Amino acid sequence: MADRPPAARAALPRPPRPLRGQPHTDLPLRRRIQHHAYDSARLVGFLALAVTLAALLVLAGVTLTVAFVALVVLSPLLLLTSPLWVPMAAAVFVSGAASIIGWCLAVGAVAAGTWAYRYFTGRHRRPVGAHRVDYDVDAGTASGWMGYYAREYGARPRVHVKDAAPGA
């Protein structure tokens, strides 16, 4: 019997991990400390949130109270000086509206002048960027660097772009 190996110690099953909210008494000490540290960090976070919300609630209440008191105190002054404020407000409104209308008309006049200049100088038929090269609209050819590229590499410059709606 001496040559028989010692009996292996049977492994005991580990206890299941406790669910949230259950006590941690069956966990080892190190794990319990980690859980308490995690719970205390959450507690500190919730306390910081509660303190911040309470401070904001107090500040909102103070702001509304001061605004109401200012309205009560200053309303007689506003009522007494209203013959001055109403015409001034109307004048500011009318001058602001006239200014906005004037700026809109000025932008429209600049746009119309630009269109008329391009139309009467014949630039409305040229594609964008055609002023940088010598572009002959009627012949559909280009000289300058575009023509050189076309002759050198056998490519033809794009002349006409088809309309999205033919016949329109």
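Before I start, one cut-off for the accessibility entries: I call a residue buried under 20% relative accessible area, exposed over 50%, and partly exposed in between. I also note that this is a predicted model.

**Entry 1: the aromatic rings.** I searched the whole structure for aromatic pairs and found two. In one of them, the ring centres of tryptophan 115 and tyrosine 119 are 5.1 Å apart and the planes meet at 15°, so I put this pair down as stacked. Where do tryptophan 115 and tyrosine 119 lie? I found both in helix H2 (residues 82-120), four residues apart, which is about one turn of the helix.

Next I looked up accessibility. Tyrosine 119 has a relative accessible area of 38%, so I wrote it down as partly exposed. Tyrosine 119 also pairs with phenylalanine 120, and here I noted an edge-to-face arrangement, with 5.4 Å from centre to centre and 80° between the planes. Tryptophan 115 comes to 54% relative accessibility, so it goes in my exposed column. I logged Trp115, Tyr119 and Phe120 together as one aromatic cluster.

**Entry 2: the annotated spans.** I checked the UniProt record, an unreviewed entry, and its "transmembrane region" annotation covers residues 43-72 and 84-117. I then looked at what the model has there. Residues 43-72 are 100% helix and 0% strand, with 44 Å between the end C-alpha atoms. Residues 84-117 are also 100% helix and 0% strand, and their end C-alpha atoms lie 49 Å apart.

**Entry 3: a nonpolar patch.** Which residues form a nonpolar patch on the surface? I listed Phe68, Val69, Val72, Val73, Leu74 and Leu77, which together have about 590 Å² of accessible area.

**Entry 4: the whole chain.** I counted three helices and two strands in the protein, and along the sequence they follow the pattern α-α-β-β-α. How much of the protein is buried? I got 6% of the 168 residues. Of the contacts with a separation of 6 or more, 3% join residues 24 or more positions apart. Last, I noted an accessible surface of about 15300 Å², with 70% of it belonging to carbon and sulfur atoms.

Terms used
Residues are numbered from 1 along each chain as its sequence is written. This is a predicted model: local features need pLDDT of at least 70, side-chain atom pairs count only at pLDDT 80 or more; totals for chains, interfaces and linings use all residues. Side-chain values use heavy atoms; hydrogens and water are left out. UniProt positions are given in the numbering used here, feature names are shortened, and annotations may be inferred rather than shown by experiment. Rings of Phe, Tyr and Trp (its six-membered ring) pair if their centres lie within 6.5 Å; planes under 30 degrees apart count as stacked, over 60 as edge-to-face and the rest as tilted. Buried means under 20% relative accessible area, exposed over 50%, partly exposed in between (1.4 Å probe, protein chains only). Patches are made of residues with over 30% relative accessible area and no salt bridge: like charges are joined within 9 Å, nonpolar side chains (Val, Leu, Ile, Met, Phe, Trp, Tyr) within 5 Å. Accessible areas come from the Shrake-Rupley method with a 1.4 Å probe; for residues, only the protein chains shown count as cover. A salt bridge is a side-chain nitrogen of Lys or Arg within 4 Å of a carboxyl oxygen of Asp or Glu. Contact means heavy atoms within 4.5 Å.
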